[in-house]
Structure formats: C-alpha cells, structure tokens
Amino acid sequence: ALSHLRYLNLANNLIRRAEGLAGLRSLQCLDLSRNQIDLLAPDDLVPSLHLFASAGNPLRDMDPWAWRSLLRSLPLLRHHDGPDSAELQRELVEYVTTQRD
C-alpha cells in the first residue's frame, strides 16, 4: 500500500531514529527535519531519494566518515538541506507539484 509513496513529511515529530523506511522503494522526497535524530546509517534510508531534509536534528555531531557512507548510499540524491531550509521546502513543493500524475 505504501510502496508507491513518493513524498513523506515527518518533520516536527520528536523522532529519535529513522526506522522502517526500507519498504518505501518509491520514496523520492523525505523530510525528517526538526526531530531528535542524532545518527543515520545507510540502511535507514532508501536509495531512491532525490531530496532529503534533516535540518534541526543533532546530526551535526555525526562523524564525517558516517556522512560520507550515508551520502554514497543515495546515488539519486540531488539535494540535502543545508543552512537554508526554506529553499529546500520550496524545492520540495515544486518537485511534488511537477510530479503529480
């Protein structure tokens, strides 16, 4: 049922771990911003992601090698948010709007 989900917004939910996303094989946009996630592993995300938001989480303390491994596991990733999350939100809205069938 959720295997065709392309956009998922889980922002502002006090989430501590990004779990259970593996079955979302069509997921292209994921917003996990403003949660309590302090670590992400390659197995936590799906390789189909194009846009990924994680600002506002304590991920800044993640080891640089862990970041490198995570980003390498996302071959289609076009944008991961940085300091300007407003720009990412605009991109997410534009992406979802243009992808509607």
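Reply: Let us begin with Asp44, which is buried, its relative accessible area being 10%. Please keep in mind that this is a predicted model.

Me: Why does 10% count as buried for Asp44?
Reply: The label buried applies to values under 20%, and Asp44 has a relative accessible area of 10%.

Me: Where is Asp44 in the chain?
Reply: Asp44 sits in the loop between β2 and β3.

Me: And what does the side chain of Asp44 reach?
Reply: It reaches the backbone nitrogen of Ala41, at 2.8 Å. The side chain of Asp44 also meets that of Arg17 in a salt bridge, with 3.6 Å from N to O.

Me: Why does the pair of Arg17 and Asp44 tie together parts that are apart in sequence?
Reply: Arg17 lies in the loop between β1 and β2, whereas Asp44 lies in the loop between β2 and β3, so the pair joins parts that are 27 residues apart in sequence.

Me: Which residues is Asp44 in contact with, leaving aside neighbours within four places in sequence?
Reply: With those neighbours left aside, Asp44 is in contact with Arg17, Ala18, Leu21 and Leu39.

Me: How many salt bridges does a search of the whole structure find?
Reply: The search finds 2. One of them is the pair of Arg17 and Asp44. Arg17 also forms a salt bridge with Glu19, where the closest N and O atoms are 3.8 Å apart.

Me: How many bridges join β1 to β2?
Reply: There are 3 bridges between β1 and β2 (residues 29–31), and these strands run parallel. Within this pair, Leu8 stands opposite Leu30 in β2.

Me: What else does Leu30 touch?
Reply: Not counting residues up to four places away in sequence, Leu30 touches Leu8, Leu21, Leu45, Leu49, Leu51, Phe52 and Ala53. Leu30 is also among the residues with the most contacts inside the largest nonpolar core, together with Leu40, Leu45 and Leu49. That core has 19 residues.

Me: One more residue, please. Where does Ser73 lie?
Reply: Ser73 is in the loop between α1 (64–72) and β4 (79–80). Ser73 is partly exposed, with a relative accessible area of 21%. The side chain of Ser73 reaches the backbone oxygen of Leu70 at 2.6 Å.

Me: And which residues is Ser73 in contact with, beyond four places in sequence?
Reply: Leaving aside neighbours within four places, Ser73 is in contact with Pro42 and Pro47. Ser73 and Pro47 are 26 residues apart in sequence, and their C-alpha atoms are 6.2 Å apart in space.

Me: Finally, where is confidence lowest and where is it highest?
Reply: Confidence is lowest in helix α2 (residues 85–99), at a mean of 60, and highest in β1, at 95. The protein averages a pLDDT of 82, and 79% of the residues score at least 70. Where pLDDT is low, the predicted coordinates should not be read in detail.

How values were computed
Residues numbered from 1 in each chain as written. Predicted model: local features only at pLDDT ≥ 70, side-chain atom pairs only at ≥ 80, totals over all residues. Heavy atoms only, no water. Helix = DSSP H or I, 4+ residues; strand = E, 2+ residues; numbered from the N terminus. Buried < 20%, exposed > 50% of the residue type's maximum accessible area, 1.4 Å probe, protein only. Contact = heavy atoms within 4.5 Å. Polar contact = N/O pair within 3.5 Å; in protein donor to acceptor, adjacent residues only side chain to side chain. Pairing = 2+ DSSP bridges. pLDDT = per-residue confidence, 0-100. Salt bridge = Lys/Arg side-chain N within 4 Å of Asp/Glu carboxyl O. Core = buried A, V, L, I, M, F, W, Y, C linked by side-chain atoms within 4.5 Å.
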